[in-house]
Amino acid sequence: MSRQITYRWRLRELMAARGTFTVPELMPHLAEPGITLSASQVHRLVSGTPERLSLPVLAALCDILDCTASDLIPTSAENVRLRRTAGQDAPINLAARRPTRVRLTDEG
């Protein structure tokens with residue numbers, strides 16, 4: 001068994017719940033604690049799910065939205081069965097998997 005961990009990025013949802021709907025509304029709140037991000041960087045944070053996020057930005061967003069990191073990024077984990085690998089149950093018939101040889105002939 002293996003564990004599969006998933007997460008959701010809820011920034012836009014939490015912003016809307018607190019009456020903030022646009023990037024320009026969020027930017028001054030980020031600037032107050034000294035977070036300097038361009039409008040395009042903030043837009044990517046709001047519109048998508050970030051691959052990387054610095055802790056100061058995460059802490060500032062949590063402070064601005066009055067939430068915790070687990071509110072902003074809820075996670076879940078579940079056990080996943082591993083796929084069966086060759087040789088576990090039945091032997092593989094290699095002859096059935098080999099391609100057949102093609103014979104080329106002259107048409108003339």
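The following legends describe close-up views of a predicted model.

**Figure 1. Overall organisation of the predicted protein chain.** The protein contains 6 helices and 2 strands. Read from the N terminus, its elements follow the order β-α-α-α-α-α-β-α. The radius of gyration of the protein is 26 Å, well over the 13 Å that the globule rule gives for 108 residues, so the protein is more spread out than a compact globule. The C-alpha trace spans about 80 × 45 × 25 Å along its principal axes. Of the 108 residues, 20% count as buried. Among contacts with a separation of 6 or more, 66% come from residues 24 or more positions apart.

**Figure 2. Packing of helix α2 against helix α4.** Two packed helices are described by the angle between their axes and the distance between the axes. Helix α2 comprises residues 23–31 and helix α4 residues 55–65; the two pack at an angle of about 115 degrees, with their axes 10 Å apart. Helices α2 and α4 are therefore roughly perpendicular to each other. Their crossing is right-handed. On the α2 side, the contact is made by L26, H29 and L30, and on the α4 side by A60, L61 and I64. Classified by residue type, this contact has 5 nonpolar residues, 1 polar residue and no charged residues.

**Figure 3. Packing of helix α2 against helix α3.** Helix α3 spans residues 39–47, and its axis comes within 10 Å of the axis of α2, the two crossing at roughly 110 degrees. This angle makes α2 roughly perpendicular to α3. From α2, the residues V23, L26, M27 and L30 meet A39, V42, H43 and V46 of α3. The contact of α2 with α3 divides into 7 nonpolar residues, 1 polar residue and no charged residues.

Figure 4. T20 is located in the loop between α1, which covers residues 11–17, and α2. Its relative accessible area is 15%, and T20 is therefore buried, the cut-off for this class being under 20%. Apart from neighbours within four places in sequence, T20 is in contact with M15, E25 and L26.

Definitions and conventions:
Residues are numbered from 1 along each chain as its sequence is written. This is a predicted model: local features need pLDDT of at least 70, side-chain atom pairs count only at pLDDT 80 or more; totals for chains, interfaces and linings use all residues. Side-chain values use heavy atoms; hydrogens and water are left out. Axes are lines fitted to C-alpha atoms, for helices over the stretch in contact, and angles run from 0 to 180 degrees between N-to-C directions. Helices (H or I, at least four residues) and strands (E, at least two) are DSSP runs, numbered from the N terminus. Angles under 35 degrees count as roughly parallel, over 145 as roughly antiparallel, 65 to 115 as roughly perpendicular and the rest as oblique. A crossing is left-handed if the near helix is turned anticlockwise from the far one by less than a right angle, and right-handed if clockwise. Contact means heavy atoms within 4.5 Å. Ala, Val, Leu, Ile, Met, Phe, Trp, Tyr, Cys and Pro count as nonpolar, Asp, Glu, Lys and Arg as charged, and the others, Gly among them, as polar. Buried means under 20% relative accessible area, exposed over 50%, partly exposed in between (1.4 Å probe, protein chains only). The radius of gyration is taken over C-alpha atoms; the globule rule is 2.2 Å times the number of residues to the power 0.38.
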